[in-house]
Amino acid sequence: MVRLLDTALVAAAVLGTASYAQKIVADCGVGLGNCPSNKPCCSQYGVCGVGAYCLGGCDPKHSNSLESCVPAPICKDIDSTFPNLDRIVDKTKYLGDSSKADWVSDGEPAIKDGNLLITMAPGTVGTVIASTNYVWYGKISATLKTSYGKGVVSAFILLSDMKDEVDYEWVGVDLHTTQTNWYFQGIPNYTHGKNISLDKDSYKDWVTYELDWKPDSITWSIDGQVGRVLKKSDTWNETAKGYDFPSTPSRVQLSLWPGGLPTNAKGTIDWAGGEIDWKAGDARDVGYYYVTFKEVKIQCYDPPSGAKKQGSGSKSYIYDDRAGFESNVVMTDKGTVLKSFLGTGTNMTVEPAKTSSKGSSATGNSSPSSSDVETIPGLTGAGTGVNGQRGDGSGSGSGGSSASSGSGDVSGGSGNGFSQGNTQSSNPSEATGQKVIKGSMLAVVVAVVAVIVL
Ligand SMILES: *[C@@H]1O[C@H](CO)[C@@H](O)[C@H](O)[C@H]1NC(C)=O
Ligand SMILES: *[C@@H]1O[C@H](CO)[C@@H](O)[C@H](O)[C@H]1NC(C)=O
Ligand SMILES: *[C@@H]1O[C@H](CO)[C@@H](O)[C@H](O)[C@H]1NC(C)=O
Ligand SMILES: *[C@@H]1O[C@H](CO)[C@@H](O)[C@H](O)[C@H]1NC(C)=O
């Protein structure tokens with residue numbers, strides 16, 4: 001299940017040179033309620049804000065209104081190979097135009113030998129890239145080599161803004177097992193996991209993992225061999241009188257995250273194979289752990305029969321009810337692009353107030369901001385923590401998101417320019433531990449994509 005790391009860390013690309021981690025405090029989600037009107041969008045990780053908070057991952061159930069989240073770009077067939085990073089855009093630069101990039105990154109993607117590396121350097125919480133377009137049923141495949149090592153978790157998942165989720169995950173201590181799982185609307189039911197054993201070595205060998213997601217079934221196939229099938233008809237929930245089946249538009253997410261951080265719950269660490277050793281394996285030899293992607297394909301299926309449409313329904317998905325069932329998805333011609341990070345679904349054209357400053361200073365205090373609310377959610381390490389064994393009960397009531405993990409302390413942050421938000425910050429506003437990326441920075445935000453030099 002996608003959730004915050006137990007440490008509730010976020011690493012953000014910040015001004016200057018380095019990523020750092022910070023605590024975040026979840027403020028929207030199950031048990032926490034909805035976002036206020038001045039920061040209406042509830043991010044994937046349960047924090048309220050504007051701008052990027054209203055784009056991919058924005059949770060319509062817990063945002064201020066149903067219109068707070070920006071319409072989600074409609075499914076588009078893609079075949080991603082990775083000769084360079086051109087089709088991957090950093091989250092600090094993405095305003096919702098999915099024609100310009102296929103993936104949005106949070107962390108440090110890199111290219112090596114024509115393949116994509118999703119990296120996790122010592123002390124960081126890893127990297128995630130998410131598709132800019134949503135998939136509402138389709139065939140999605142990824143040819144990849146997993147990471148390896150204790151506590152290191154590689155993932156290839158589908159996740160909807162309603163927290164429907166379909167997973168492949170690999171823990172780095174078992175290179176011959178692929179873990180599969182699914183969740184419905186983030187309900188933390190940990191009994192759905194199933195393992196598929198692998199003849200090959202997931203770290204050394206290319207393997208193609210496929211999700212064939214149809215309105216009435218999900219099939220997990222590995223190198224063309226069916227490993228698991230979930231039928232919608234087997235998910236009937238008598239109490240709710242509905243199917244607990246993943247059925248809402250989802251982003252494809254590829255990630256690497258540290259299940260074995262010492263500050264994580266014991267159950268999570270155990271599941272991940274123990275505490276991460278930042279001085280071993282690829283962290284020692286190359287400088288970071290990594291997953292390697294050779295190719296990712298998305299083939300869109302037709303929307304389910306009876307799907308609602310406004311106009312030609314060719315551009316985006318919205319919801320017509322917070323319930324978030326398949327029948328609440330509407331295909332529309334609404335735009336998906338914000339004019340600036342001050343925008344939200346209810347006003348996509350807001351722009352930062354013009355200031356006299358030329359906007360070259362990246363100090364973040366060169367001009368008064370027109371908004372004090374956060375505009376770009378932090379990284380939470382991909383946080384795909386599907387984990388039936390988690391023994392801490394932290395999943396309960398969390399609605400499958402970060403909601404329950406709003407506190408916790410940082411550790412494992414060893415050097416690498418990575419520090420806890422309240423220790424090494426040069427900007428006093430960061431010392432509160434609640435970094436605010438101010439709207440005024442818009443003009444001057446330089447994406448600090450610390451692309452690893454290979
Ligand atoms: C979890 O899901 C299974 C099968 O889908 C179901 O039988 C079980 O009752 C669920 N558990 C809870 C606590 O809802
Ligand atoms: C899958 O395998 C892992 C070890 O690789 C184990 O920890 C986990 O319990 C297994 N899950 C299931 C559902 O059997
Ligand atoms: C049925 O749905 C309810 C409400 O969503 C949920 O709490 C319950 O766990 C579900 N039951 C099963 C068996 O999954
Ligand atoms: C959107 O915001 C801009 C700038 O704040 C304002 O001028 C405009 O009237 C707003 N539009 C709507 C539809 O609220």
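**View 1. The largest nonpolar core has 97 residues, and among them C41, I118, V135, L158 and F293 touch the most other members.** A nonpolar core here is a set of buried Ala, Val, Leu, Ile, Met, Phe, Trp, Tyr and Cys residues joined through C-beta atoms within 7 Å; buried means that 20 or more other C-beta atoms, placed from the backbone, lie within 10 Å of a residue's own. Strand β13 (residues 152-160) gives the most to this core, with 7 residues. Strands are DSSP runs of E, at least two residues long, numbered from the N terminus. This is a predicted model: local features need pLDDT of at least 70, side-chain atom pairs count only at pLDDT 80 or more, and totals for chains, interfaces and linings use all residues. Residues are numbered from 1 along each chain as its sequence is written, while chains are lettered from A and ligands numbered from 1 in the order in which they are written.

**View 2. An open sheet of 4 strands runs in the order β5-β25-β26-β24, with mixed pairing.** β5 (72-73) and β24 (308-309) stand at the edges with a single partner strand each, so one side of each has no neighbour in the sheet. Strands pair if DSSP finds at least two bridges between them. β25 (residues 316-319) and β26 (residues 329-332) pair in the antiparallel sense over 4 bridges; look for Y317, whose bridge partner in β26 is M331.

Definitions and conventions. Buried ≥ 20, exposed ≤ 12 C-beta atoms within 10 Å, placed from the backbone.
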